[in-house]
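Hi everyone, thanks for coming.

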Amino acid sequence: MLPSDPLIPWFDNFVGIAYRYFEIRMNVVPLFSDLKKAQNFWRETVHWWNDHSIKIRFVETGDTYWFIMGAESRQAKNNRYVFKVLPKSPHYERFKKGHEGGAYLRLGTHTKKFKKDVKDDAKCNCGHIKFDHEEGDGNDACLYEECDCRKFETFQVNLLKKKKTVTNIKFLTEAEIKDDVLAWNCFSVHKYTKRE
Ligand SMILES: [Zn+2]
Ligand SMILES: [Zn+2]
């Protein structure tokens with residue numbers, strides 16, 4: 001099957017992408033809200049991908065970017081392409097500068113943690129650590145005067161062990177996608193046809 005096959009369904013049922021340094025290469029990590037979903041997606045789809053055929057495309061559109069990924073599969077009936085439109089972030093920019101043409105693809109989980117779940121130096125989504133929040137149950141506002149955080153909350157990312165190596169990574173502008181079958185297929189389905 002060609003990686004441009006228009007019959008392969010698109011998958012976007014995940015929450016975002018993390019970019020992490022881990023074991024030499026940078027890791028591109030689609031994040032799932034729970035471990036079961038991540039494991040299922042790996043077992044049904046990613047496991048069957050041939051590493052050398054995996055393509056990742058990034059297409060920037062203003063403050064957001066499209067993450068697009070596809071591969072040839074040894075089990076074509078379960079193959080899916082992956083896409084998500086995401087806000088640009090410092091992690092994304094760091095990946096863009098630092099990937100050197102290769103990355104590990106892993107899946108991960110993204111789970112919410114509260115004050116009772118973490119150590120004193122864990123960082124809240126407000127940017128301040130747990131120690132700088134009120135103590136005790138039901139009271140956990142941030143103690144920094146200028147901060148309006150009322151409740152300690154943080155996201156924890158866990159990476160699954162299994163990985164694939166990706167060496168076909170491209171950053172494209174929207175004007176360039178017509179020369180790229182995978183990116184063109186994605187924009188055709190999710191942007192251009194929907195506009196009509
Ligand atoms: Zn704060
Ligand atoms: Zn806070």
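Let's begin with burial: 45% of the protein's 196 residues count as buried. Please keep in mind that this is a predicted model.

Now the overall layout. The protein has three helices and eleven strands. Reading from the N terminus, the order is β-β-β-α-β-β-β-α-β-β-β-β-β-α. The C-alpha trace spans about 60 × 35 × 35 Å along its principal axes.

How do the contacts divide up along the sequence? Take the contacts with a separation of 6 or more: 66% of them come from residues 24 or more positions apart.

On to the inside. In soluble globular proteins, nonpolar side chains tend to be buried together. Here, the largest nonpolar core has 29 residues, and those touching the most other members are Tyr19, Phe58 and Phe67. Two or more residues each come from β2 (16-21), β3 (26-32), α1 (35-44), β4 (55-61), β5 (64-70), β6 (81-87), α2 (90-98) and β7 (103-105). There is also a second, separate core, with 13 residues, among them Trp10, Ile68, Ala183 and Cys186.

Let me zoom in on Phe58. Which residues does Phe58 contact, leaving aside neighbours within four places in sequence? They are Tyr19, Tyr65, Trp66, Phe67, Tyr92, Phe95, Ile169, Lys170, Phe171 and Leu172.

Key. Residues are numbered from 1 along each chain as its sequence is written. Chains are lettered from A and ligands numbered from 1 in the order in which they are written. This is a predicted model: local features need pLDDT of at least 70, side-chain atom pairs count only at pLDDT 80 or more; totals for chains, interfaces and linings use all residues. Side-chain values use heavy atoms; hydrogens and water are left out. A nonpolar core is a set of buried Ala, Val, Leu, Ile, Met, Phe, Trp, Tyr and Cys residues joined through side-chain atoms within 4.5 Å. Buried means under 20% relative accessible area, exposed over 50%, partly exposed in between (1.4 Å probe, protein chains only). Helices (H or I, at least four residues) and strands (E, at least two) are DSSP runs, numbered from the N terminus. Contact means heavy atoms within 4.5 Å.
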